[in-house]
Amino acid sequence: MKKIYLIIFILLFNLCSASSGEGVTSLSNDTTTTLVIVEEDYPIVLTRCLNEEMGYSIPTPFDIQDLKTTISQLSNSKDEEAQLSEDVNYCINKYDLWSDSSSLNPEELAKLYDENLELAKCLREKGLNVSDPSQQEPKLDLSELKKSKDDITPLLQECGYGVLQNEK
């Protein structure tokens with residue numbers, strides 16, 4: 001009787017154990033993940049790249065104007081300015097930031113225009129004096145606002161804007 005149990009155990013053990021050649025079948029070994037970054041997040045992506053990959057300590061900007069002001073204050077000499085420019089260009093090229101807008105799909109530009117038109121309307125309802133974007137320049141310009149970034153950010157979030165797409 002012990003021999004029968006031993007034979008059954010060995011058979012079950014062999015059936016349950018996987019051979020090293022088994023695995024998941026795949027048509028390709030190449031897998032590519034593409035991160036889509038919306039233009040409004042470009043200053044944040046650039047700042048993260050400069051901080052994490054280039055060793056800077058730049059606070060998260062509100063918009064591109066805020067980032068430009070911060071970056072312009074970082075260099076004290078021509079050498080530092082040249083290095084900073086090289087680092088900024090590296091990050092812009094690595095993450096394909098601010099590519100030529102004429103290469104954007106007309107449907108994408110129309111969508112961006114419509115979204116920013118709604119955002120401008122919402123911000124005006126919240127008391128901010130924001131002008132509508134144009135179809136030629138569909139990005140909403142918040143650089144002329146008198147309020148601080150800390151005052152505007154909650155209003156942007158109430159209007160459904162302000163969170164990086166990959167952090168949702």
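The dialogue below reads a predicted model feature by feature.

Me: What should I know before reading this model?
Reply: It is a predicted model, in which local features need pLDDT of at least 70 and side-chain atom pairs count only at pLDDT 80 or more, while totals for chains, interfaces and linings use all residues. Residues are numbered from 1 along each chain as its sequence is written, and side-chain values use heavy atoms, with hydrogens and water left out.

Me: How many helices and strands does the protein chain have?
Reply: Helices (H or I, at least four residues) and strands (E, at least two) are DSSP runs, numbered from the N terminus. Here the count is 6 helices and 0 strands, giving the pattern α-α-α-α-α-α along the sequence.

Me: What share of the residues counts as buried?
Reply: Buried means under 20% relative accessible area, exposed over 50%, and partly exposed in between (1.4 Å probe, protein chains only). Of the 168 residues of the protein chain, 26% are buried.

Me: Which residues of H2 are buried, and what do they pack against?
Reply: In general, an α-helix has 3.6 residues a turn, so residues three or four places apart point the same way. The buried residues of H2 are Tyr-42, Pro-43, Ile-44, Val-45, Leu-46, Thr-47, Cys-49 and Leu-50. They pack against H3 and H4.

Me: How do H2 and H4 cross?
Reply: Axes are lines fitted to C-alpha atoms, for helices over the stretch in contact, and angles run from 0 to 180 degrees between N-to-C directions. The axes of H2 and H4 come within 9 Å and cross at roughly 115°. Contact means heavy atoms within 4.5 Å. On the H2 side the contact is made by Leu-46, Cys-49, Leu-50, Glu-53 and Met-54; on the H4 side, by Asp-87, Val-88, Tyr-90, Cys-91, Ile-92 and Lys-94. By class there are 8 nonpolar, no polar and 3 charged residues. For these classes, Ala, Val, Leu, Ile, Met, Phe, Trp, Tyr, Cys and Pro count as nonpolar, Asp, Glu, Lys and Arg as charged, and the others, Gly among them, as polar.

Me: Which residues have a positive phi?
Reply: Most residues other than glycine have a negative phi. Another is Asp-96, which is not a glycine and has a phi of about 50°. Asp-96 is found in the loop between helix H4 (78-94) and helix H5 (106-125), and is exposed at 52% relative accessible area.

Me: Where does Val-38 lie?
Reply: Val-38 is in the loop between helix H1 (2-16) and helix H2 (42-54). At 28% relative accessibility, Val-38 is partly exposed. Its C-alpha atom is separated by 9.4 Å from that of Leu-97, 59 residues away along the chain.
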